[in-house]
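Let's walk through how the parts of this model meet. Have the structure open as you read.

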Amino acid sequence: MASDLPSEGSGTVTDDATRHEGGTELERTIGLTGGLSIGVGTMIGAGIFVFPGLAAGQAGPASALSFAIGAVIALFVALPTSELATAMPESGGGYYFISRGMGAAYGAIVGISLWLGLVFASAFYLVGFGEYAVGTLVEAGVPAGGGGAFVIVVGVAVGVGLTAMSMTGTENTASLQNTVVALLLGMLSVFLLYGLLDSFGVFGRETVPQELTPEGYLPILTTAALVFTSYLGFAQVATVAGEITDPGRNLPLAMVGSVVLVGVFYVLTIFVATSALGSEALEAAGETAIVEVAREYFGRPGAVAILFAGLLATLSSANASILSSSRALYAISRDRIVPPGASKVNLKYGTPHVALALVGGPVVLLVTTGQTEILAEVASFLHLVMYGLICVALLAIRREDPDWYDPDFNTPAYPVLPAIGAISSFGLIAFMQPLSQVIGVFVMVGALGWYLYYARDVSLKGGEL
Amino acid sequence: MTDVPENRVLVPIEVLRGQDVPEPVIETFSSASVVLLGYHEIPEQTAPDQARMQFEDQAQNALTDFETAFAEAGGDVSSRLVFTHDPLKTIERVAAELECDSVLLLNPAPVLRQILVAISETVNVEHIARLVGDVMADSDVEVTLYHVTPDSEERERGERILETAAETLEEHGIDRDRIVKAVVADDEPLEALLASAENHHLVVLGESKPTIRERIWGDVSETIAGQTVNPVLVVRRDYLEVPEAELEEAAGGPRG
């Protein structure tokens, strides 16, 4: 199990700890359940509670296929990521693999993109949370005057609140996260099971008959590009790879497992939703379309339950993304790609307050745009670039085959699978809205500019550090 | 498992929170093999490596000071430094890895003259007694062997268990006049133990087997360590197991 890793920041890896040269140990404390909960908890907020209305509006019932395409691409990336993570079970995830496999320039672009990609994702979840808050008020009979403005106010307030809590809170929230995820999966299972039985006519009710692809085939792909944000969570498992127990086993299981689990839930949700209400009604209901589906089946109690679940899910996803983003920032500041002060930890709370502020600030700023689709797509864009490069990094490292590279998990169907993973990740970007593409490219060019200005002399590839 | 040649005590120290090892504890435990486990608990928001980079030197220095103090008192001492989200997991892992048979949970102890050894009927009495004997033989501490029974009719069995413990203590260098035996009948064993602990300077007890209730509400030994003002020496579960037959014999025949 012991292997020499390529950077000075690493040490001897055992199932329960990492031991550094001076003898100092870092305990591994996240088990398989915790890992799955990070993955599922980050993802489930988007695919079920925000996207069904938007997706059905674009591609009709075939948007289930869009989610399936997303799941397959995510899986093609999750497998190579698992291999790299078991060989380098270190904080930083995708950034770490790419910087070690392909050098500091790629690392800097990916690292900065990962930080900001998660900032976009967090903002997206917070807008989603705002939509659910408004939905809850409307349900409670409070006229939510100003709708959109109120969504933004709530999103900003919660964004500030979550950031402040992360800076000062020392209670362990992991067990809470596990409970939330279990609760959500339980509620969704009941809901989907009933919906599926109904869709197949068990309850004798007429489903809404409609064409599978009312908008043609192209929207299936553009919708896949839009909803890919629903699959960003598995890479977050890799960002805490340094804290996962028995990484050789638990990392692949948590990453692949969470993708498969949420993928199945997403596809079934879209299927049930489009059968219950039809695409047009879903589109009209927008971000909270799933609430209307629940109302159709279970009346008001169902709508209330799903509103509650939506609040929980978007909050959990936003929180997980903010924390992951701060981890990403730590990883690049450890390697001096950004000033080391960015990951400073304060002794009183033990939290990385600078990094959290550098995440929370931009998140709140982005929430004020209120642009769900653009936020989601830019987040996906920046992640997809990283995913593609993870696959390329795997190909590069395997070709070089350095001494320290000794993964516990091997990607099946090598090199075909990582090659498809890379091509499909980059390919999906082409189907996004032009504005998202422009913003994404802008962020990456900015990252490259920063690298040339600040971190040109940093060398990370292999054992060079 | 019961024939471990030497006793090794794990002493967890929350090294960056100013936790101190009392002087009397250092003196008393210099007769045992001691592993100092310096740890720093970090919240989930922080990567362990992030905290390590910033605090490693400071933590290592503090730990080295304690190590030197034990070494100067003539102790056989070594140390480990761990950054962790979960100190309990770390303590259990390191204790198992280094084959420590007991864990000393620190609390202030201005003096260390009277210790309370809680003995229940389901644990390996001899291991506890041998450990106490070996550690305390060179000191002049007075040992109170303590057994709580919910039912006063079982008092006799309690006496028998404590006598076994006393004999073992004697074999390991504690004179009879330093041993006090106390069997107490009380419905609330935990409360009774906590009350008695107030008159002592150190509590020794066996780590209880986690019943379902304890899994939920926390282990008894942790509860006690949290509620007394004394240091608590917890003898680890692995070293307390006794074969069924022996258990019945010690308890004076099979129970209904």
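A salt bridge here is a side-chain nitrogen of Lys or Arg within 4 Å of a carboxyl oxygen of Asp or Glu. A:Glu25 forms one with B:Arg80, with 2.5 Å between the closest N and O atoms. Across the interface of chain A and chain B there are six salt bridges.

This is a predicted model, where local features need pLDDT of at least 70, side-chain atom pairs count only at pLDDT 80 or more, and totals for chains, interfaces and linings use all residues. Residues are numbered from 1 along each chain as its sequence is written, chains are lettered from A in the order in which they are written, and side-chain values use heavy atoms, without hydrogens and water.

A:Glu25 turns up again in strand pairing (at least two DSSP bridges between two strands): its bridge partner in S3(B) is B:Val82. S3(A) and S3(B), residues 76–84, run parallel over two bridges. Strands are DSSP runs (E, at least two residues), numbered from the N terminus.

| Interface | Buried area | On carbon and sulfur atoms |
|---|---|---|
| Chain A and chain B | about 2800 Å² | 47% |
| Domain 1 and domain 2 of chain B | about 1400 Å² | 63% |

A:Glu25, A:Glu27 and A:Leu347 supply 24% of the area that chain A buries against chain B. Between the two domains of chain B, the salt bridge count is zero.

Terms used: Buried area = accessible area lost by both parts, 1.4 Å probe. Helix = DSSP H or I, 4+ residues; strand = E, 2+ residues; numbered from the N terminus.
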